[in-house]
Amino acid sequence: MRRRQLLGGLGVASAGMALGQRSLQAQERQGRSALLPPRLREGDAVGIVSPAGATFERDRLDLVIDAVKALGFVPRVAPHALARYGYLAGTDAERAADVNAMFADPAIKALLPVRGDWGSARILPYLDYDTIRANPKVLIGFSDISALLLGVYAQTGLVTFHGPHGLTAWRADQVEPLRQILMEGAALTYSNPLLGADQDRLMRDQGRIQTITAGRATGPLIGGNLSVISGIVGSPYFPDPSGAILFLEDVGEPPYSIDRMLTQLKLAGVLDGLAGFVFGQCAACGPGSGYGSLALEDILRDHIQPLGIPAYAGAWIGHVEPLWTLPIGGPITMDAATGTLQMQAPAVV
């Protein structure tokens, strides 16, 4: 995931405190269930935060404010939403303080990052996970925000949501599933949409799936951007993958880089014990003009097929639209032959 290709998001807890907290791995071994946030209602306050890349133009933030209003919510902009520290939206302490304050404020019901880019992983040691656990609320985003979603889930058990951040398109095919999941408590089934000219064709061109190993599997859903995940594997901020459905996506990475990062996950034991595997979209990840390059499907076959678990590639997850709203930590059933993901329970209470 390269910065230039992505959309662009104290009570400061000490790093030592965060590292000393038990991750969800230990919690799950003690039988602790996932923590669900309260469902959203029209008129709720939504905190607009920038945990990652800087927003360099005020009108980009205004767009997000307009989107939150159009969704029927009340926007509350974090103090450092327009702060800058190089390519970051303020210092690590400032960005963490905004997230901590939004979770601590009982009036705020959800956190929506302006954008991704890079920087979410840097604030993970400074988040107040006790406060987050005591004040569960909706946290949503994708791309670099994957680190925040996974870190919060790993440390608190709170189900987070891989879905739109502020600067996405907010068209009806993206908004309606989000409303159903976050406001109505629906448990949806996702399959790749028919897009553009495919709606009038006998066969599908865009959004084709590739079954790596047929079968069905059920487990808690974890995942996100492969580049981001490879950067937090081995830390207390990556959930226990045992028995999970792992999904990955990326953008603008050459095949050798995808191969390197999947190899890292393999050597770190992340792929061991998975219940299922899903690879989403990887725009601009082709072999290019290099002689003898492996294709993405070769790399996935090499790493995933030997696992013998249900697995498929081509899910409509990644830097694409419409963006699905998927529950990190929520139970999912995947079908590798049909390319579907089915929520097994509501992700809000």
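Residues are numbered from 1 along each chain as its sequence is written, and side-chain values use heavy atoms, with hydrogens and water left out. Because the model is predicted, local features need pLDDT of at least 70 and side-chain atom pairs count only at pLDDT 80 or more, whereas totals for chains, interfaces and linings use all residues.

Me: What span does helix α4 reach from its first C-alpha to its last?
Reply: Helices (H or I, at least four residues) and strands (E, at least two) are DSSP runs numbered from the N terminus. Helix α4 covers residues 92-104, which is 13 residues. The expected span is 1.5 Å times one less than the number of residues. That expectation is 18 Å, and α4 comes close to it, reaching 18 Å.

Me: Which elements are included in what covers the buried residues of α4?
Reply: Buried means under 20% relative accessible area, exposed over 50%, and partly exposed in between (1.4 Å probe, protein chains only). The buried residues of α4 are Asp-92, Arg-95, Ala-96, Ala-97, Asp-98, Val-99, Asn-100, Met-102 and Phe-103. With contact taken as heavy atoms within 4.5 Å, their cover includes β1 (45-49), β2 (74-77), β3 (108-113), α5 (120-123), α6 (129-134) and β4 (138-141).

Me: Which residues are linked with Asp-92 in a network of salt bridges?
Reply: A salt bridge is a side-chain nitrogen of Lys or Arg within 4 Å of a carboxyl oxygen of Asp or Glu, and the count comes to 12. The side chains of Asp-92 and Arg-95 meet in one of these at 3.0 Å, N to O, and both residues are buried. They are 3 residues apart in helix α4, so about one helical turn separates them. The network joins Asp-92 with Arg-95 and Arg-122.

Me: Are Arg-58 and Asp-62 buried or partly exposed?
Reply: These side chains meet in a salt bridge with an N to O distance of 2.9 Å. Both residues lie in helix α3 (residues 58-70), 4 residues apart, about one turn of the helix. An α-helix has 3.6 residues a turn, so residues three or four places apart point the same way. Relative accessibility is 47% for Arg-58 and 29% for Asp-62, therefore both count as partly exposed.

Me: How many residues apart are Glu-321 and Arg-171?
Reply: Glu-321 forms a salt bridge with Arg-171, the closest N and O atoms being 3.1 Å apart. The pair links distant parts of the chain, with Glu-321 in the loop between β11 (311-313) and β12 (326-328) and Arg-171 in the loop between β5 (160-162) and α8 (172-182). Glu-321 is partly exposed at 34%, while Arg-171 is exposed at 52%.

Me: Why is α7 described as largely enclosed by the rest of the structure?
Reply: Among the buried residues of α7 are Ser-146, Leu-149, Tyr-153 and Gln-155. The helix is largely enclosed because the buried residues number 11 of the 11.

Me: Which strand gives the largest share of the lining of the largest cavity?
Reply: On a 1 Å grid over the protein atoms alone, a cavity is a set of points where a 1.4 Å probe fits but cannot get out, and lining residues have an atom within 4 Å of a point. About 110 Å³ of space lies in the largest cavity, and of its 14 lining residues Leu-40, Val-46, Phe-73, Leu-112 and Ile-140 lie nearest the centre. The elements giving two or more residues are β3, β4 and α8. The largest share, 3 residues, comes from β3.

Me: Which strand gives the most to the lining of the largest pocket?
Reply: A pocket is an open set of points with protein on both sides within 12 Å along at least five of seven lines. The largest has a volume of about 290 Å³, and of the 16 residues that line it, the closest to its centre are Gln-210, Gly-280, Leu-296, Ala-313 and Gly-314. Two or more lining residues come from each of β10 (276-283) and α11 (296-304). The strand that gives the most, with 4 residues, is β10.

Notes: Points joined across faces, edges and corners; volume = space filled by probe spheres on them.
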